[in-house]
Amino acid sequence: MPKHSRRLLRGIGLVCALALGVTACGDESGGSGQKSVSQDDIRAALEKGGTLTVWAWEPTLKQVAADFEKKHPGVEVELVNAGTNNDQYTALQNAISAKKGVPDVAQIEYYAMGQYALTKQLTDLEDFGAGKLSAKFSPGPWQGVQAGTNRVHALPMDSGPMALFYNKKVFDKYGIETPTTWAEYLDAARDLHKADPKAYITADTGDAGVTTSLLWQAGSRPYTVNGTKVGIDFSDEGAKTYTDTWQKLIDEKLLAPVNPWTDDWYKALGDGTIATLATGAWMPANLVSGVKEAAGDWRVAPLPQWSADGRSSAENGGSALALPELGKNEALAYAFVEYASAGDGVATRLENGAFPATTADLQSTAFQDTAFDYFGGQKANKIFAESAANVADDWSYLPYQVYANSIFNDTVGKAYVSGTTLAEGLKSWQQASVDYGNKQGFTVAK
Amino acid sequence: MTTPLSPGAAAPRPAPPRAARSRRSWTGWGFLGPFVAVFALVFLAPIGYSLYLSLFRDRLIGGNTFVGLDNYRQALGDERFWAALGRISLFLAVQVPVMLGIALLVALALDSGRLYGRDFFRVSIFLPYAVPAVVATLMWGFMYGTRFGLVGDVNDALGVSLPDPLSPGLVLASIGNIVTWEFVGYNMLIFYAALRVVPHSLYEAAQIDGAGQLRVITAIKLPAIRGALVIATIFSVIGSFQLFNEPSILQPLAPNAVTTDYTPNFYTYSLSFNGQQHNYSATVAIVMGLITMAIAYVVQLRGMRKGG
Amino acid sequence: MAPPAVTASGPSAAVPSGRPRSAPRLRAPRRRHSADRPRRSVLLTLLTSLVLLYSLVPLVWLAFSATKTQEGLSRSFGLWFDGDFALWDNIGRTFTYDDGVFTRWLLNTVLYVGLGAGGATFLAVLGGYALAKFDFPGRRAVFAVVIGAVAVPGTALAVPTFLMFSRMGLTNTPWAVIVPSLVSPFGLYLMWVFATEAVPAELMEAARIDGAGEVRTFFTVALPLLAPGIVTVLLFTMVATWNNYFLPLVMLKDPDWYPLTLGLGSWNAQAATAGGEAVFNLVVTGSLLTIVPLIAAFLLLQKYWRSGLAAGSVKE
C-alpha cells in the first residue's frame, strides 16, 4: 500500500549557475557528456512525432499533456499514473531492473532524486542544454534536480516553500494571536487545548517529511553527502532546538493523534480539531478539494521562526520530471519535459492549482496578487514567494532517503506513542540509516 | 496412505485406496500436467529464482556479488525478523483458535438443526468472505477511527471512551479481528460441509445408547470431521504466517504501531520494495517458508495422532 | 447420464437412494435433518445471532456510508442515514469520475475472473481428478510440494516473479494477472476430495470397457458427476481472483488494466498527493459496488456450492 506521507523536496542552494552564469556548471563537469542533442534535433523529433510514456501522479499534467498533443499533432502523450510516490518508485525500480517497460518520462520528488542520480539511472539533461535553464528556476528546486552532483538530472516541476496554514475562525474564537515564533506556537498550543480540549494546534504522529523540513529550518544539517561518502548526525544544535520545542508539544499532549492524509485528518481540518498546519505551498489545492466545509476559515502566515529575529524557511515536497536512462524517444521526451516545466505548460499548471518552481512566475505580479477565495481573499502567494526566497541553501538529503523515510516511524515514531524521547528516536533512526547505508555499499560515518 | 496431505489423511472422510485407481501408469500426469505446468511457472520458478538470489548481494554502490550463505547467516541473527516471527506466533496462537473455535461452534449449531432460519444464518455469516481483503481492511480502518469512525460514534453516543483500536497495544488484536471477520464464515462452511456427510446411522446408534448432545459431538462429530479440522488449521497457519494485506493497509492509519517489520511477510516486502534489498528479502522469505512448512507438518502429524 | 448430485444433496432434497450408481454403497440412509426433527432452540439461535451480527454490522455500515456525501461521512452516525441521501448520486459519480474509468476496472475484473477463475477451476478439476482416480509416479509428492510452495510468502516472490514475467513480456498486460490466478491449491484439494468420492471406479471401468478413451471418459462420465464440486471451486477461485490485489499492484502500471481492488486503492491514495482530490465517498461506494456482484453470485448459486462443498455427499 502507498505510504501516505508527504515526500520532501530535495536539496536547496544557490547553485553555481546563479553565481557563475548560465552554463558554468555543466560545461566544467564533463564526464558523462558523451552525446549532445541540439534544439534542431528536438524540433525534428517533434515534427516526426511519436508516442511518449509519462509516469506521473501530478493531476495538473493531464491538461498539459492534452495541450502538448494539440500543439504537436504527431505526438501522443500517454500519461500513466503508475502509483503515488513510493509506489511509483518501486514500479520504476522494477522496470529498470527488468530493463523493460521503462517510461520515457518519470515524475520524481527531490528527496528521491539522489538514489537515481547516483546510480546513473537518469539521462543527463545537460546533453540537451538544460544547464541554460538554471536561471529560470528558484535555487532550491534547481539544486534538487542536481542531487549533490553537478549535472542536471531532471527539470523542476513544482516546489513547496513552507508556510503556516491556520484556521482563523478557531484562533479568533479563543483570542489566540498568530504565532510568529515556535515559542509563541507552543503557547498558542497550550492556550488552545486548554480552551477546548478537543482542539489541537496541529496533528502530528511522526512524519519524516515534516520533521526533516523543520530540522532544515532550525538550521540542523544531519546529512552530508560527498559522492558515496555519507555522514548522518542528528546531534547538532539545530536538531536540539527542534527537539526541545517539539518534545514539549508531545509531552503535554498538544498534538492531535490524527494521521495525515487520512479521512479523519481531512475531517479534522474542516471541523476545527486541527488549528494549524506547517507545510508546503502546494497545500491550498488539497484544502480546496478536501476541506470544502471550512472555506473562508483558513489563512496563511509565514512559518514561525526559531528565534525572534529569524527569517529562515525550508522546502517541503515538490517534484521534477526526469528521463530514465532506459527510456526511449529522448529528444521528444525532453521537449515535453521542457514544455511542462519551463514552457507554456507552467501557466496551465498554475491555473489548475500547482505551485511553481520558476522564479519568473514566483515574482510576477499576477501571481503574487492572486486572491484566494478559500483564504477569504488573502493574497497568499506573496507569503509563499517570500518563503521560497528565505529557504536556507545548504540542505542535503541522503542518497537513499526513500528507504530512510520508510523506517522513520519504526524509530522516531516511538517518541509519539511511548516513553522514548524525540532525541532518542532520532538517534535510533540515525543508527538504522547508517547500517543500511553501509550494507548498500556507501561509506557512512556518524 | 502416507502422503502427508492426501485426502485419506485430511479429507472429511478417508477414501480407501482400492480399485478406484485402475493401474499405476503415467496417464494421470496427462490430467495433472496442466496444473503442474502453470504451478511450476507461477510458484516453483520464482522460488528457484529466489533461492538463486539469496546467494547474492546486489548493492546500490558496488554492484552484485556472490556471498554464499551470508544472507542466511544474517537472517538467523536478525532481531527484527525474529521479533516479527514472535509477534506473528502470538497472533497465530490466539487468532487461529478463536477463529476456528467460533467457526466450529456455528457449524455445530447449524448442523444441530435447532436454529431458526438456518439457511439465513449460513449464508449471512459466510458473506464477509466475499469482501476483498483490501475493502475489508479499508472498511474496518474507517470504523476503528476514534474520532469519526464507528468507535468514535459509540464513544459519543454512550459517553464512554473505548481505547483506540489502532494504538500499539491493541493493533495486533484489531488485525486479528479483521482476519477473523473475513474467515469465520469460510471455515464455518468447510466444517459444516464436513458435518453434513457424517453418516446418520452413527447418531442413531449413539442415541440408542443414551448419549447426550455433547457426547455425540465429542465422540462422533468431531472425530468424523478431523480431516477438515486439520486442513483448515493448516491453511489458517499458512494464512497467518503470510499476514500482509491487513497490516500494510492499516499502516497509514497506525504508522507508529504497525512498523515496517511488523510481520515477517511485511518485513520481506519492506526490504524489497522500500529498501531494494531483493536478495536479503528472498532469503528471509525462504527461511519463513521453511518454518511455515515445518509448523504445518507438525499440525498435520499431531492432528493425525490425536485422531488415530 | 443425468447430472446427479446437484439435486441430491440440498438439505431438503430427497435421499439419493433412487440413483442406481450410489445405491449399492448406501450402507446407511443418508442423514437428513428432517429425519430426527430436533426441537428448535431460541437460546442457540440468539447465541448464533451474535456471530451473525458481527458478520453483518460492517456490511451494514458500508451500505449506510455509501448513501452519504463526502461531508456527510463525518457528521453522521455510522449505522444510520445522513440527512442527504446521496446513494444514487454517489453511484453516478463513481461510474463517471475520471472519465468513467470505474467501468473499465469492472470490465477488467470480469475478464480476469472469467479467464483466471475459469481456467483455475478447469486445471483444478483435471488435477483433482488425476490425483483421485489414477495412480502414477510422483503422485504422492505432488500435494506436499504444492503445500510447501504455498508456504513461501508470496510478497517476497513478487519481485522475482515480476522480473521473470517482464522477461517474457507479460507485465502490464492482462496475462500478468490471469496466469498466476490459474493456480488454486485449495481448489485442487477440494476437487481431489470431491472426485475421490463422486466418481465411482465402476463407472470409469464400464466406460473403458465400452471403448471410451481417457479423455472421453473424463468428459462424459466424470465431468457431469463433478458438477457440484466444480461450481464450488469456481466460486472460491472467483472470490480469490476478484479480491486479487498484491500481484496486480506489482504487475500492472497502466490504470487501464487495473482490477477494481487496485483502482479503489488508487482513489483512496490520491487524497494524499499534492492537488489530489479526496473522494472517500466514492471509495466507499465503489467498495460496495465491488462486493455486490460477488454476494449476488453467492446467493444465486448457493444451491450448487452448498451441495458441492458437502464433498462426497453422494455416498455414505
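What share of the contacts in chain C with a separation of 6 or more comes from residues 24 or more positions apart? Keep that in mind while looking through the close-ups below, which all come from a predicted model.

**View 1. Chain C, a chain of helices.** Here we look at chain C, whose secondary structure comes to 15 helices and zero strands. The answer to the opening question is 73%: that is the part of the contacts with a separation of 6 or more that residues 24 or more positions apart account for in chain C. Chain C has 316 residues, and 53% of them count as buried.

View 2. An unreviewed UniProt entry gives the annotation "transmembrane region" to residues 41-64, 105-129, 141-163, 175-196, 217-242 and 278-301 of chain C. Take residues 105-129 of chain C: in the model this span is 100% helix and 0% strand, with its end C-alpha atoms 35 Å apart. Residues 217-242 of chain C are 100% helix and 0% strand as well, and here the end C-alpha atoms lie 33 Å apart.

**View 3. Zooming in on Val125(C).** This residue sits in helix α5 of chain C, which covers residues 87-133. Is Val125(C) buried or exposed? It's buried, because 26 other C-beta atoms lie within 10 Å, and 20 or more is enough to count. Leaving out residues up to four places away in sequence, Val125(C) touches Met191(C), Leu226(C), Ile230(C) and Val233(C). Val233(C) is 108 residues away from Val125(C) along the chain, yet their C-alpha atoms are separated by 8.5 Å.

**View 4. Where chain C meets chain B.** On this contact, 94 residues of chain C face 98 residues of chain B. Helix α3 of chain C (residues 42-65) gives the largest share of chain C's side, 12 residues. Sorted by class, that side of chain C has 61 nonpolar, 22 polar and 11 charged residues.

**View 5. Where chain A meets chain B.** Now for another contact, made by 31 residues from chain A and 25 residues from chain B. On the chain A side, α5 (86-98), α12 (263-270), α19 (401-406), α20 (408-411) and α21 (414-417) each supply at least two residues. The largest share comes from α12(A), with four residues. By class, this side of chain A has 11 nonpolar, 14 polar and six charged residues.

**View 6. A five-stranded sheet in chain A.** This open sheet runs in the order β2-β1-β3-β12-β4, with mixed pairing. β2 and β4 (154-156) of chain A are the edge strands, each with a single partner, so one side of each has no neighbour in the sheet. From one strand to the next, the twist averages 25°.

**View 7. Strand β1 of chain A and its partners.** β1(A) (residues 50-55) and β2(A) (residues 75-80) pair in the parallel sense over six bridges, with Thr51(A) opposite Glu76(A). Getting from β1(A) to β2(A), the chain passes through helix α4 (residues 61-71) of chain A in a right-handed β-α-β crossover. β1(A) also runs parallel to β3(A) (residues 105-109), joined by two bridges, and Trp55(A) has Ala106(A) as its bridge partner there.

**View 8. Helices packed on the sheet of chain A.** Helix α7 (residues 139-146) of chain A touches β4 and β12 (319-322), and its direction makes about 165° with that of β4(A). Helix α14 (residues 330-341) of chain A touches β1, β2, β3, β4 and β12, and its direction makes about 55° with that of β1(A).

Definitions and conventions
Residues numbered from 1 in each chain as written. Chains lettered and ligands numbered in written order. Predicted model: local features only at pLDDT ≥ 70, side-chain atom pairs only at ≥ 80, totals over all residues. Contact = placed C-beta atoms within 7 Å. Nonpolar A, V, L, I, M, F, W, Y, C, P; charged D, E, K, R; others polar. Pairing = 2+ DSSP bridges. Right-handed = clockwise from strand over helix to strand, strands pointing away. Buried ≥ 20, exposed ≤ 12 C-beta atoms within 10 Å, placed from the backbone. UniProt positions renumbered as here; feature names shortened; annotations may be inferred. Axes fitted to C-alpha atoms, helices over the stretch in contact; angles between N-to-C directions.
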